[in-house]
Amino acid sequence: MMNGANNLLWPELLAVAETLIASENPTDAELRRSRSSVYYALFHHLARACADLLIGGDADTRSKPAWQQTYRGLEHKATKAACDDNAIRKFPNAIQDYGDQFKALQAKRHLADYDPYVQVARSEIQQDIETVKGAIEAFDAAEEKDRRAFCAFVLLKRRKD
């Protein structure tokens, strides 16, 4: 797990992404890892939100095993599927946009990690970093009840019956 659950991992991942593209001529590998770090920043932000909102954010009073299980319970594929579900349109715009960014960045990460022919441009990554910062800021500003509902939406399997 993280180096202490009181630390925020997502800002560090964005900083890694920025560092990887900071040189005048970043390598292809640096560009690809940067793109991956941008996605993982958003993923870890959501994992943290799920654990904090559903279990509790105060490390002194929450159940550490329950918080950790919730944090680790977020799954990439299931979260994307939830963000693809039309039911997401019932959430406020900030949360819908957050879900849209999750899907888009996951797709970009897959290309960067697995497609040897894909070209990753520094300018695109810089834009993605700013977009993620904005999506996180808007998500965090949304009403707590809506953020909590979204966390349940992405974590829990929906029954069709």
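These legends describe close-up views of helix packing in a predicted model.

Residues are numbered from 1 along each chain as its sequence is written, and side-chain values use heavy atoms, with hydrogens and water left out. Because the model is predicted, local features need pLDDT of at least 70 and side-chain atom pairs count only at pLDDT 80 or more, while totals for chains, interfaces and linings use all residues.

**View 1. Helix α2 crosses helix α7.** Helices are DSSP runs (H or I, at least four residues), numbered from the N terminus. Helix α2 spans residues 28–54, and helix α7 spans residues 144–155. Their axes come within 9 Å and cross at roughly 110 degrees. Axes are lines fitted to C-alpha atoms, for helices over the stretch in contact, and angles run from 0 to 180 degrees between N-to-C directions. From α2, the contact uses L46, A49, C50, L53 and L54. From α7 come E144, R147, R148, F150, C151, A152, V154 and L155. Contact means heavy atoms within 4.5 Å. The residues of this contact are 10 nonpolar, no polar and 3 charged. Ala, Val, Leu, Ile, Met, Phe, Trp, Tyr, Cys and Pro count as nonpolar, Asp, Glu, Lys and Arg as charged, and the others, Gly among them, as polar.

View 2. In α3 (residues 64–73), W67, T70 and Y71 are buried. An α-helix has 3.6 residues a turn, so residues three or four places apart point the same way. Buried means under 20% relative accessible area and exposed over 50%, with partly exposed in between (1.4 Å probe, protein chains only). The cover over the buried residues includes α1, α2 and α7.

**View 3. Helix α1 packs against helix α6.** The axes of α1 and α6 (residues 122–141) come within 11 Å and cross at roughly 165 degrees. That makes the two roughly antiparallel (over 145 degrees). W10, L14, A17 and E18 of α1 meet I129, V132, K133 and I136 of α6. This contact has 6 nonpolar, no polar and 2 charged residues.

**View 4. Q96 is buried in the model.** Q96 lies in helix α5 (residues 93–114). Its relative accessible area is 11%. Q96 touches I88, R89 and F91, not counting residues up to four places away in sequence.

Terms used: Angles under 35 degrees count as roughly parallel, over 145 as roughly antiparallel, 65 to 115 as roughly perpendicular and the rest as oblique.
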